[in-house]
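Colleague: Could we take a close look at one part of this model, the way its strands are arranged and what sits around them? I'm new to this, so please go step by step.

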Amino acid sequence: MNTRIMSVRGRRIWDSRGRPTVEVDVHLEGGAWGRGMAPAGASRGSNEAIDLRDGGREQAGFGVQGALRAISEVIAPALIGMDARDQDAVDMELIALDGTPNKARLGGNATIATSMAVIQSAAAAEKMPLWQYLAGDRPVRLPLPEVQIFGGGAHAGQRIDIQDFLVMPIGAESFDEALCMASDVYRAAGELMAALGRRSGVADEGGWWPEFTSNEEPLELLTRAIERAGYRHDQVAISLDIAASEFGRNGRYRLAVERREFDTAEWIDVVTRWIRRYPIVSVEDPVAEDDSAGMRAFTDAVGDSVQVIGDDFLVTSAERVSAAAVAGQCNAVLLKPNQVGTITETRRTMETARRLGWGMIVSARSGETEDTTIVHLATGWNTGQLKVGSFARSERMAKWNEGLRIEEQMGKDARFAGWSALPVRSLA
Ligand code: 2PG
Ligand code: MG
């Protein structure tokens, strides 16, 4: 089939927070086509690709007309005629057209939606689901899901300081079973909140709204919810995304809900105490993005038995992952395609992490759409882990459900990553 790009068309759609975002359709000369939709973060690392917004009064400044103009006036004319199977060349062209270190000219939202649409069109031309197109002949596994139960931080109006309280069904034997286990815990946590008279809807990613008076209380409740759902801690474990850049700066950590303040060493102490007390196997952004010494100290303290993920700290950058490895910071990287702006750059970061033996977690953003590309990336690249938010709201469920379809497509060959996807030899 002729896989030359015939058209690149952007349009404004709306994301899960009801804000405008960018969708791109790419059509190939042979008739195949693909679509990509840009997600949007709320707790963003300062070194992320720029999410280009119009500013001004309309749509509270979130308009994407500038990004759409970049697609029709700059990106489309350059990509038309290129081979959609050559993702590297397409993405290098996007990087060159942009010409800035952080996609500030075209917008990371314009480039990632285009990049995703191109790879989807190439898979469609091969008449393959994207995961299979990416996997080629290599054996791949369904990823271990990381499922949010309580949402806090920037996803819940800073109601509590810590952002994500999640579970990992490390004892599951299949993706399907992992989702059943996550749903049991999500439901049990909701019942416990209701019994306490504290159930009041959900946060941005579908996790229960955090009606708590401290940052530790949700850990106690989540531990109880796992037990109430009938699971042991070697079946369902806890994972935290502390997103500490939201409340830490210059080595000071201010917990608003508790009106307490810590220096880096004291704060690391608090988190390591939680790790000892609760079944926590993974911690993301334990310290702020400006706290390199803190990240090294934390990794030193717990990195043998706990996954230490860099998100804001690494911003899906291959260079940052390499530098962090040399400095003894983190042992896992969150892979958010829109954080870097193209599929190829995301893949290079993933390959860097793989060479280091790090954990690799493909992740959605807090502002999402029905796009399921990331589930295919996690599976086809065999990253072993996937984080897409909670177990409610269709922009989340679209992704979990896509994983079930992929597991079915693999049939008897289906393999599930399970807890071996964590970069630790034994669990805490
Ligand atoms: C994160 C993500 C997803 P956001 O911090 O990992 O939970 O949030 O998209 O707001 O950066
Ligand atoms: Mg994060």
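**Strands and their surroundings**

Modeller: Happy to! Strands β1 and β2 (residues 20-28) run antiparallel and are joined by nine bridges. Strands here are DSSP runs of E with at least two residues, helices are runs of H or I with at least four, and both are numbered from the N terminus. Two strands count as paired if DSSP finds at least two bridges between them. Before we go on, note that this is a predicted model: local features need pLDDT of at least 70 and side-chain atom pairs count only at pLDDT 80 or more, while totals for chains, interfaces and linings use all residues. Residues are numbered from 1 along each chain as its sequence is written, chains are lettered from A and ligands numbered from 1 in the order in which they are written, and side-chain values use heavy atoms, leaving out hydrogens and water.

In general, strands of a sheet pair through backbone hydrogen bonds, either parallel or antiparallel.

Now find β5 (residues 164-168). Five of its five residues are buried, so the strand is largely enclosed by the rest of the structure. (Buried means under 20% relative accessible area, exposed means over 50%, and partly exposed lies in between, with a 1.4 Å probe and protein chains only.) In a regular strand, side chains alternate between the two faces of the sheet. In β5, both faces are covered, with Asp164, Leu166 and Met168 on one side and Phe165 and Val167 on the other. Strand β4 (residues 144-151) is joined to β5 by four antiparallel bridges, and Gly151 stands opposite Asp164. Five bridges, also antiparallel, pair β5 with β6 (residues 237-241), where Ile238 is the bridge partner of Val167.

Two of them link distant parts of the chain: Glu284 is in strand β10 (residues 280-284), while Asp311 is 27 residues away in the loop between β11 (307-310) and α9 (318-327). Glu284 is buried at 0% relative accessible area, and Asp311 is buried too, at 1%.

Another sheet is open and antiparallel, with the order β7-β8-β9. Each of β7 (248-249) and β9 (260-263) has a single partner strand, so one side of each has no neighbour in the sheet. Four antiparallel bridges pair β8 (residues 252-255) with β9, and Arg252 has Asp263 as its bridge partner.

Finally, visit ligand 1, which 16 residues surround, the closest being Ala42, His155, Glu205, Ser366 and Lys387 (a residue is near if one of its heavy atoms lies within 4 Å). A side-chain N or O atom of His155 is 2.7 Å from an oxygen atom of ligand 1, and for Lys387 that distance is 2.8 Å. Taken alone, ligand 1 exposes 310 Å², and the protein buries 99% of that (Shrake-Rupley method, 1.4 Å probe; for residues, only the protein chains shown count as cover).

How values were computed: A polar contact is a pair of N or O atoms within 3.5 Å; within protein, one must be able to donate a hydrogen and the other to accept it, and residues adjacent in sequence count only if both atoms are side-chain atoms.
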